[in-house]
Amino acid sequence: MFPLGLLRASALGVLVLCSLSACGSSEASKQQPVQTVCAPTAPTECPDPSPRYPDVAPIFERRCASCHNGAKDAPWPLDNYDHVADWATVVRDELLYCLMPPPDSGVEMTPDERQAILVWVRCGSPE
Ligand code: HEC
C-alpha cells in the first residue's frame, strides 16, 4: 500500500508543479530540436572530393529560397553563392539545431539534404 500511495502522491506533485511552472512552454523548450524527426550529426571531417556549391544549391533553392528570396519584407536572400557563403556558419547552426526551415512552416527537408549542407559547410563552403 505504501509504495503505491507514494507513487500517486509524487505523480500528483509533478502535475501540480507542471501547472504552476507551465511545463514545456518556456522559450527555451520551444528552441529545442524535434529529435524524432530531426537529429543531424555534426560532420567531423570533409570527404574527398569535397562537395561544392553546385551540389547543394538545388537544396537551398528547394528548401530555403521560398522564404529567403530577397523579396520585400522577406528574410535576406539565400539564392546565390555569396549570400550563402557569407552566412555559412549561421546556416550550419540553424540546420544543426533544426531551427531552419522553421519547424512550424510546413517546409520539410530530408535528413540527407540537411546533412549534405552540413558537410559542405564543414568543407569550408567551397564555391
Ligand atoms: C518558411 C520560411 C522560411 C524557410 C523555408 C526558411 N527560412 Fe530561414 N528564416 C526565416 C525567417 C522568417 C527568418 C528570420 C527570423 C528568424 O530568425 O527566425 C529566418 C532566418 C534565417 C537565418 C538567420 C538566423 C539568425 O540567427 O539570424 C538563417 C541562417 C536561415 N534562416 C537559414 C535558412 C536555411 C538554410 C533554410 C533552408 C534550409 C531556411 N532558412 C528556410 C524563414 C524561413
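**Figure 1. Burial and make-up of the protein chain.** In this predicted model, 12% of the 127 residues in the protein chain count as buried. The chain holds six helices and zero strands, so the order of elements from the N terminus reads α-α-α-α-α-α. Taking contacts between residues at least 6 apart in sequence, 66% join residues at least 24 apart.

**Figure 2. Helix H3 against helix H6.** Here we look at H3 (residues 53–63) and H6 (residues 111–122), which pack with their axes 10 Å apart and at an angle of about 130°. That angle makes H3 oblique to H6. The crossing of H3 past H6 is left-handed. On the H3 side, the residues that meet H6 are Asp55, Val56, Ile59 and Arg63; their partners in H6 are Glu113, Ala116, Ile117 and Trp120. Sorted by class, this contact has five nonpolar and three charged residues, and no polar ones.

**Figure 3. The shell around the ligand.** Have a look at the 17 residues around the ligand: Cys64, Cys67, Met100, Pro101 and Ser105 come nearest. Helix H5 (residues 88–96) supplies the largest share of the shell, with three residues. By class, the shell has 12 nonpolar, three polar and two charged residues.

**Figure 4. The loop between H5 and H6.** Two backbone features are worth a stop in this loop. One is the cis peptide bond that joins methionine 100 and proline 101, with omega about -15°; proline 101 sits in the loop between H5 and H6. Both Met100 and Pro101 are also among the residues that come nearest to the ligand. The other feature is cysteine 98, placed in the loop between H5 and H6, whose phi is positive, near 60°, although the residue is not a glycine. Cysteine 98 is buried, because 20 other C-beta atoms lie within 10 Å.

Figure 5. Aspartate 48 and proline 49 are joined by a cis peptide bond with omega about 5°. Proline 49 belongs to the loop between helix H2 (27–30) and H3. H3 is the helix that packs with H6.

**Figure 6. Serine 125 in the segment after H6.** To finish, we follow the chain into the segment after H6, the place of serine 125. Serine 125 is not a glycine, yet its phi is positive, at about 40°. Is this residue buried or exposed? Serine 125 counts as buried, because it has 22 C-beta neighbours inside 10 Å.

Conventions. Residues are numbered from 1 along each chain as its sequence is written. This is a predicted model: local features need pLDDT of at least 70, side-chain atom pairs count only at pLDDT 80 or more; totals for chains, interfaces and linings use all residues. Axes are lines fitted to C-alpha atoms, for helices over the stretch in contact, and angles run from 0 to 180 degrees between N-to-C directions. Helices (H or I, at least four residues) and strands (E, at least two) are DSSP runs, numbered from the N terminus. Angles under 35 degrees count as roughly parallel, over 145 as roughly antiparallel, 65 to 115 as roughly perpendicular and the rest as oblique. A crossing is left-handed if the near helix is turned anticlockwise from the far one by less than a right angle, and right-handed if clockwise. Two residues are in contact if their C-beta atoms, placed from the backbone, lie within 7 Å. Ala, Val, Leu, Ile, Met, Phe, Trp, Tyr, Cys and Pro count as nonpolar, Asp, Glu, Lys and Arg as charged, and the others, Gly among them, as polar. A residue is near a molecule or strand if its C-beta atom, placed from the backbone, lies within 6 Å of it.
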